[in-house]
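User: I would like to learn how to read helices and their surroundings in a model. Can we go through one together?

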Amino acid sequence: MLHMHLPSDARIVDEIFSLTGTPKCRDEGWLMAMVSTYGKTTRELKEFTWNDDDSISIPSKKRPVRPLHPQWVYLFQLKEKQPSKLKSRWSSLAKSLEKKQKDGLVNLSLDSLLLAYKIRKVYYTPLKQSERSLVAA
């Protein structure tokens, strides 16, 4: 079994700023920020659209996807720094991010970012009333 070290939020933020601050990695850093903020794979994000409340709509999902850390949308300037002509170059951007990971230019894997998001989501999601009574019993 592959051992995966879960990155802290601070490590994720540092890595994304490191990438977006490097001209050759700026767009890949933006894509990594999207994966980290919304917890979706690059394939799932491919056809996303922005909503007014900073959530995104994805054709395969019934409901909008909200960021667990809403401040990350602003911190990473996801709307403002979205790469130009994104739809036509999405596949090449996703492949470029994967290549930069393999080449060691990106220190966090997308799998570890997605797992960190899932764990954060469980931690932040309030228990339903029926689950609360089970825990209290």
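This is a predicted model: local features need pLDDT of at least 70, side-chain atom pairs count only at pLDDT 80 or more; totals for chains, interfaces and linings use all residues.

User: What span does helix α1 reach from its first C-alpha to its last?

Analyst: Start with the terms. Helices are DSSP runs (H or I, at least four residues; strands are E, at least two), numbered from the N terminus. The expected span is 1.5 Å times one less than the number of residues. Helix α1, residues 9-20, has 12 residues and reaches 16 Å, close to the 16 Å expected.

User: Which residues of α1 are buried?

Analyst: Buried means under 20% relative accessible area, exposed over 50%, partly exposed in between (1.4 Å probe, protein chains only). In α1 the buried residues are Ile12, Val13, Glu15, Ile16 and Leu19. They cover an arc of only 165° around the axis, so they lie on the same side of α1. That arc is taken from the directions from the helix axis to the C-beta atoms. Ala10 and Asp14 are exposed, on the face turned away from the buried side.

User: What covers the buried residues of α1?

Analyst: The cover includes α2 (26-38), α4 (70-75) and α6.

User: Why is α2 called largely enclosed?

Analyst: Because 11 of its 13 residues are buried. Among them are Trp30, Met34 and Tyr38. Just after α2, Gly39 takes a positive phi of about 65°.

User: What is Ser36 in contact with?

Analyst: Contact means heavy atoms within 4.5 Å. Ser36 is in helix α2 and is buried, at 1% relative accessible area. Leaving aside neighbours within four places in sequence, Ser36 touches Ile12, Ile16, Trp72, Leu113, Tyr117 and Arg120. Ser36 and Leu113 are 77 residues apart in sequence, yet 5.7 Å apart in space, C-alpha to C-alpha.

User: Is Ile119 buried, partly exposed or exposed?

Analyst: Ile119 is partly exposed, with a relative accessible area of 44%. Ile119 is found in helix α6, residues 110-124.

Terms used. Residues are numbered from 1 along each chain as its sequence is written. Side-chain values use heavy atoms; hydrogens and water are left out.
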